[in-house]
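Here's a quick briefing to read with the structure open beside you.

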Amino acid sequence: MHKWLLILIFTAFCSVARCLEPVSGTMKGHEYVDLGLPSGTVWATCNVGADNVNECGDYFAWGEVRVKVSYNCKNYAFYTGPYEEITKYRTSTSSVNGEGLLQLQKSDDVATQEWGTPWHMPSADQAQELMDNCRRTWVMSYNGMAVNGMLLTGPNGNKLFLPAAGFFDGRKLTGLGRVGDYWLLDLFEESGYGALVLDFNQNDCANGVANRHMGQSVRPVMER
């Protein structure tokens with residue numbers, strides 16, 4: 001009897017914690033929060049592959065739509081040959097015949113493929129808008145759960161939490177609880193081997209660059 005009482009109390013606590021999440025609405029079964037951003041962009045409350053805001057979710061290479069055991073150059077979808085020649089999303093500096101695709105197509109956007117339109121990965125401009133318009137606070141718990149990450153408070157007072165999920169390079173998960181690297185739609189134009197990420201840690205938050213083959217988090221957005 002005592003055991004079942006504890007289970008009921010824990011379940012009730014989780015339900016209350018869930019209700020504390022700032023939710024503005026849902027789209028195709030996925031919740032979003034309106035932060036009052038100038039563009040009207042709204043951000044999902046969870047990462048792709050996560051069931052709640054505190055979970056890290058799944059990790060994906062840039063432009064891939066499936067989870068892998070290892071994230072490396074040899075098994076990356078858009079590299080080929082012994083020298084990892086780029087086969088898609090090539091710039092003039094990464095290929096003799098740069099094709100000029102500087103953002104992911106919908107077929108290679110895991111947010112769109114997993115959640116459906118109008119969900120998609122954020123662009124670099126949308127990530128910059130988030131940072132420019134929100135107050136950023138590093139926290140070590142959220143909704144009563146011990147989890148490190150970045151809490152962003154929008155102009156309208158609503159909040160968005162991004163767990164510090166770390167990243168995969170090969171089979172190794174690095175930086176869990178210390179850094180967050182969230183893929184953006186944009187290719188790094190100076191070298192086609194990199195793509196842009198929303199990168200943060202305890203001290204900083206900015207658009208950065210990561211190698212495309214690495215496993216990173218994805219937080220979908222949409223425009224209303």
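**Cysteines and a buried histidine**

C73 is partly exposed, with a relative accessible area of 27%. Keep in mind that this is a predicted model. C46, on the other hand, is buried, at 7% relative accessible area.

- The disulfide count comes to 0. As a reminder, a disulfide is a covalent bond between the sulfur atoms of two cysteines.
- C73 also turns up in the surroundings of H213: leaving aside neighbours within four places in sequence, H213 is in contact with A61, Y71, N72, C73, Y76 and D169.
- H213 sits in the loop between β13 (205–211) and β14.
- With a relative accessibility of 7%, H213 counts as buried because the cut-off for that label is under 20%.
- The side chains of H213 and D169 are joined by a polar contact of 3.2 Å.

**Aromatic pairs**

- There are 11 aromatic pairs in the structure. Take Y76 and F78: their ring centres are 5.7 Å apart and their planes stand at 90°, so this pair is edge-to-face.
- Y76 and F78 are both buried.
- Y79 and Y193 make a tilted pair, at 5.4 Å centre to centre with 55° between the planes.
- Y79 is buried, at 8% relative accessible area, whereas Y193 counts as partly exposed, at 30% relative accessibility.
- Ring pairs tie W62, Y76, F78, Y79, Y89 and Y193 together into a cluster.

- D108 is found in the loop between β5 (85–86) and α2.
- Buried or exposed: which label does D108 get? At 9% relative accessibility, D108 counts as buried.
- Its side chain makes a polar contact of 2.5 Å with the side chain of Y89, and Y89 is one of the residues in the aromatic cluster.
- Not counting residues up to four places away in sequence, D108 touches G63, E64, V65, F78, K88 and Y89. F78 and Y89 are both among the members of the ring cluster.

**Strand pairing**

- Strands β2 (residues 30–33) and β3 (residues 41–44) run antiparallel and are joined by 2 bridges. Here V33 stands opposite W43 in β3.
- β3 is also joined to strand β14 (residues 221–223), again antiparallel, by 3 bridges. In this pairing W43 stands opposite V221 in β14.
- β11 and β12 pair in the antiparallel sense over 5 bridges, and Y182 stands opposite L198 in β12.
- How many residues lie between β11 and β12 in their hairpin? There are 6 residues between them.
- 8 of the 8 residues of β11 are buried, so this strand is largely enclosed by the rest of the structure.

**Nonpolar cores**

- The largest nonpolar core has 34 residues, and those with the most contacts inside it are W62, M121, W183 and V218. The elements giving two or more residues to this core are β3, α2 (110–115), β9 (167–169), β11 and β12.
- What does M121 touch, once residues up to four places away in sequence are not counted? The list is W62, L104, D109, V110, A111, Q126, W183, L184, L185, V218 and V221.
- W62 links two of these topics: W62 is among the residues with the most contacts inside the core, and W62 is also part of the aromatic cluster.

**A contact across the sequence**

- V53 has its place in the loop between β3 and β4.
- At 4% relative accessibility, V53 counts as buried.
- V53 and L162 are 109 residues apart in sequence, but C-alpha to C-alpha they are 7.8 Å apart in space.

Definitions and conventions: Residues numbered from 1 in each chain as written. Predicted model: local features only at pLDDT ≥ 70, side-chain atom pairs only at ≥ 80, totals over all residues. Heavy atoms only, no water. Phe/Tyr/Trp six-rings, centres within 6.5 Å; stacked < 30°, edge-to-face > 60°. Buried < 20%, exposed > 50% of the residue type's maximum accessible area, 1.4 Å probe, protein only. Pairing = 2+ DSSP bridges. Helix = DSSP H or I, 4+ residues; strand = E, 2+ residues; numbered from the N terminus. Core = buried A, V, L, I, M, F, W, Y, C linked by side-chain atoms within 4.5 Å. Contact = heavy atoms within 4.5 Å. Polar contact = N/O pair within 3.5 Å; in protein donor to acceptor, adjacent residues only side chain to side chain. Disulfide = S-S within 2.5 Å.
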